[in-house]
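Take a walk through this protein model, one piece at a time. Keep the structure open as you read.

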Amino acid sequence: MTRPVLLPALMLLTVACGKGDGDAADSAEPGGASAEDAAAAEALWTEISGYDSWNQHADWTGVKASADGTHGPYVQIWYNDSADAGFTAAGDSLDDGSILVKEGYDDESGASVRAITVMKKTGGDWFWARYSEDGSVATAGAAAVDSCAGCHAAGKDSIRFISW
Ligand code: HEC
């Protein structure tokens, strides 16, 4: 009589895959934007339609390695004509209506968009918003300001990728 061979059950433990690549600032952001800020962010998403044909800086053309990887190890940055005029002027700050858009990617190919972050000067201050690739609002306005503005404070008029 053959005995059944009892194989010990193998427990396959799936180790949660921590990103550990600088996304900590994202997860620390309270996502819950107020209804007013969410509506403003949705209007801003419409306003930036076609941003991938906006201005790019000579030193930041195409996909570049991010300085800190906050929204992905590779990024691409565009800005509208108002911001462009500010960068070529001698002033210390950009005018109301200036908008900058940054796409963050998983890798250098730029194929996988991790986040789209946007800042718009309005009423003399920056409005901050982060979106998914489909335009859904991840965080915006007051819910985003501590995280976004806190880190951006290191830059001239809160602009991090260049100074002018
Ligand atoms: C931990 C620091 C940090 C945080 C937090 C952060 N950023 Fe940035 N951001 C940067 C750096 C550094 C750059 C310059 C480009 C690069 O190296 O990725 C940048 C660039 C940008 C740009 C392009 C214009 C510029 O200032 O250079 C936009 C737009 C932007 N960030 C939006 C946001 C928004 C919106 C948030 C919050 C949801 C945010 N950022 C949070 C560090 C940060």
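Start at Ser158. This residue is found in the segment after helix H4, which spans 142-152. The model is predicted, and every value below is computed from it.

Is Ser158 buried or exposed? Ser158 has a relative accessibility of 16%. Buried means under 20%, so Ser158 counts as buried. Which residues does Ser158 touch, leaving aside its neighbours within four places in sequence? Its contacts are Met119, Trp126, Trp128, His152 and Ala153.

Now step back to the whole chain. The chain has 4 helices and 6 strands. Read from the N terminus, the order is α-α-β-β-α-β-β-β-β-α. The chain holds 164 residues, and 39% of them count as buried. Its accessible surface comes to about 9,400 Å². Carbon and sulfur atoms account for 54% of that surface.

Next, look inside. The largest nonpolar core has 16 residues. Which of them touch the most other members? They are Phe87, Leu94, Leu100, Trp126, Ile159 and Phe161. Strand S2 (74-79), helix H3 (81-88), strand S5 (125-131) and H4 each supply at least two residues. The largest share, 3 residues, comes from S2.

Follow Phe161 for a moment. Set aside residues up to four places away in sequence, and Phe161 touches His57, Trp60, Ile77, Tyr79, Phe87 and Leu100. Two of these contacts, Phe87 and Leu100, are also on the list of core residues that touch the most other members.

There is another core, apart from the largest one. This other core has 15 residues, including Leu44, Tyr51, Ile116 and Ala129.

Finally, consider the cysteines. A disulfide is a covalent bond between the sulfur atoms of two cysteines. How many disulfides are there, counting pairs of cysteine sulfur atoms within 2.5 Å? The count is 0. Two cysteines are still worth a look. Cys148 has a relative accessible area of 14%, so Cys148 is buried, under the 20% cut-off. Cys151 has a relative accessibility of 39%. That value lies between the 20% and 50% cut-offs, so Cys151 counts as partly exposed.

Notes:
Residues are numbered from 1 along each chain as its sequence is written. This is a predicted model: local features need pLDDT of at least 70, side-chain atom pairs count only at pLDDT 80 or more; totals for chains, interfaces and linings use all residues. Side-chain values use heavy atoms; hydrogens and water are left out. Buried means under 20% relative accessible area, exposed over 50%, partly exposed in between (1.4 Å probe, protein chains only). Accessible areas come from the Shrake-Rupley method with a 1.4 Å probe; for residues, only the protein chains shown count as cover. A disulfide is a pair of cysteine sulfur atoms within 2.5 Å. Contact means heavy atoms within 4.5 Å. A nonpolar core is a set of buried Ala, Val, Leu, Ile, Met, Phe, Trp, Tyr and Cys residues joined through side-chain atoms within 4.5 Å.
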